[in-house]
Amino acid sequence: MPLRRRALLAAAAAATASLAGCDLGGDPEDPPYDPTSDALMPLLSRTVALRGRYGEVLTAFPALQDRLGPLKDDHDQHVIALAREIGLPERGPFPAPSGSPAVTASAGPVPGDQSAVLTELQKLEQDGREDAEGACLAAPSYRAALLGSIAACRAGHQEVLK
């Protein structure tokens, strides 16, 4: 009779919560959670843009797939992790952060020179690392591991692009 026992325990827990005056739904005075106002939304938007830039570069320079493909894959995982942390669908679409303009996936046309492309990506990775470091320092401690690992990954990407 394990099913009856579980049902009895669940009913007892619900009754205890009711008698204690607990509201399992949260404080009705609290405004509903708005993911677009989450402090990580700008970082998510810029990460989506960086991932998009890698896609554009790989389309223009398919020979760089072995070198840049794993970096783009890392950014795919960063997008998934950040979206999950914020409470958004892992695959998007992602709303623009509230109070800031939307970030576009393109920084303009892809340079025709492979060296210039790598220099551009290295600069974007440096900016992304600084974004992640800043978010890590400003975020609550429970987000530090995620943001620190993203910052470290982007620092590694800078080295791959040299």
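Buried here means under 20% relative accessible area, exposed means over 50%, and partly exposed is in between (1.4 Å probe, protein chains only). You'll find Leu-118 in helix α4, residues 114-138; helices are DSSP runs of H or I, at least four residues long, numbered from the N terminus. Skipping neighbours within four places in sequence, Leu-118 is in contact with Leu-64, Arg-67, Leu-68 and Leu-161, where contact means heavy atoms within 4.5 Å.

A quick word on ground rules. This is a predicted model, in which local features need pLDDT of at least 70 and side-chain atom pairs count only at pLDDT 80 or more, while totals for chains, interfaces and linings use all residues. Residues are numbered from 1 along each chain as its sequence is written, and side-chain values use heavy atoms, with hydrogens and water left out.

Now for the cores. A nonpolar core is a set of buried Ala, Val, Leu, Ile, Met, Phe, Trp, Tyr and Cys residues joined through side-chain atoms within 4.5 Å. The largest one has 16 residues, and Leu-88 is among those that touch the most other members. Helix α3 gives this core its largest share, four residues. Leu-118 belongs elsewhere: a second, separate core of 12 residues includes Leu-118 along with Leu-50, Phe-61 and Leu-68.

How far to trust it? pLDDT is the predictor's confidence in each residue, from 0 to 100, and the chain averages 81. Confidence is highest in helix α3 (residues 65-86), at a mean of 96, and lowest in helix α1 (residues 2-19), at 47.

Methods: Helix = DSSP H or I, 4+ residues; strand = E, 2+ residues; numbered from the N terminus.
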